[in-house]
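Open the model in a viewer and follow the stops below in order. Each stop gives a selection and then what is found there.

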Amino acid sequence: MKISLRTIISIILISTIMMSTSSRTMEEVQKYESGAVLELASGGEMRVVDLGDEIVNEECDFILSEIITLDMDQREMAYAIYQWVEKNIRYSGNTIKGDALRGAKLTFAKRTGDCYSFCSALWALLNRIGIDTIDVTGEDDYHFWVISKIDGEWYYLDATTGWGSERFMLTEKELEDFIYLYNKGRDSLTYEWDKSKYPKTP
């Protein structure tokens, strides 16, 4: 029986993730069990959401167990996730677009990727702790980021590294006005996307 190269790569990636999770304590995993409702110090609650893929769920749980504490409010949690993605994913190459769940699985396995990889990682981690998050497609599929509902309002987040200053919880107007640099600062671009497809920001 012949096995395709794609199948071999998939097996390697899945094995890599499972090996990385095998040494984690049961307590770390159970804390973020799908459907669990965790009480926050602020008096609010955090509901753990099943993303539909056990491997991605487990990878998210381990990352969250390292960066999230129950005395954080929702904004602080979102920022901790934003910083983790920005600092732990290396920009490299080009990835297949169109499926954030698959994108997150590959990104967590390789810790590298393009803007869609950063977008997918944010999408998975934020949704896992109940922060509603939608992946955003820029004009002509040139760039990808997310929009998240934080403290009852929708904001844009883009953790892709190397493009100027931080882009955390920006309104539609702030994102429109943002100019990001690429190609070592020799060129600049603005965000362009179909705003009618996404929730309104403050």
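Select helix H3 (residues 54-67) together with H4: the two pack at an angle of about 115 degrees, with their axes 10 Å apart. Helices are DSSP runs (H or I, at least four residues), numbered from the N terminus. Axes are lines fitted to C-alpha atoms over the stretch in contact, and angles run from 0 to 180 degrees between N-to-C directions. H3 and H4 are therefore roughly perpendicular to each other, where angles under 35 degrees count as roughly parallel, over 145 as roughly antiparallel, 65 to 115 as roughly perpendicular and the rest as oblique. Their crossing is right-handed; a crossing is left-handed if the near helix is turned anticlockwise from the far one by less than a right angle, and right-handed if clockwise.

Show side chains for Ile 63, Leu 64 and Ile 67 of H3 and for Ala 80, Ile 81 and Trp 84 of H4, which make the contact (heavy atoms within 4.5 Å). By class this contact has six nonpolar, no polar and no charged residues. Ala, Val, Leu, Ile, Met, Phe, Trp, Tyr, Cys and Pro count as nonpolar, Asp, Glu, Lys and Arg as charged, and the others, Gly among them, as polar.

This is a predicted model, in which local features need pLDDT of at least 70 and side-chain atom pairs count only at pLDDT 80 or more, while totals for chains, interfaces and linings use all residues. Residues are numbered from 1 along each chain as its sequence is written, and side-chain values use heavy atoms, with hydrogens and water left out.

H3 and H5 pack at about 55 degrees with their axes 10 Å apart, and that makes H3 oblique to H5. The crossing of H3 and H5 is left-handed. Ile 55, Val 56, Glu 59, Cys 60 and Ile 63 in H3 meet Leu 101, Ala 104, Lys 105 and Phe 108 in H5. The contact of H3 with H5 has seven nonpolar, no polar and two charged residues.

Next, select helix H4 (residues 74-88) and H6, whose axes come within 10 Å and cross at roughly 150 degrees. That makes H4 roughly antiparallel to H6. The residues of H4 that meet H6 include Ala 78, Tyr 82 and Val 85, and those on the H6 side include Phe 118, Ala 121 and Leu 125. The contact of H4 with H6 has ten nonpolar, no polar and one charged residues.

Last stop: which residues line the largest cavity? Select Thr 95, Ile 96, Gly 103, Leu 106, Thr 107, Thr 112, Tyr 116 and Ser 117. A cavity is a set of points on a 1 Å grid over the protein atoms alone where a 1.4 Å probe fits but cannot get out, and lining residues have an atom within 4 Å of a point. H5 gives the most to this lining, with three residues. By class the lining has three nonpolar, five polar and no charged residues.

Notes:
On a 1 Å grid over the protein atoms alone, a cavity is a set of points where a 1.4 Å probe fits but cannot get out, and a pocket is an open set with protein on both sides within 12 Å along at least five of seven lines; lining residues have an atom within 4 Å of a point.
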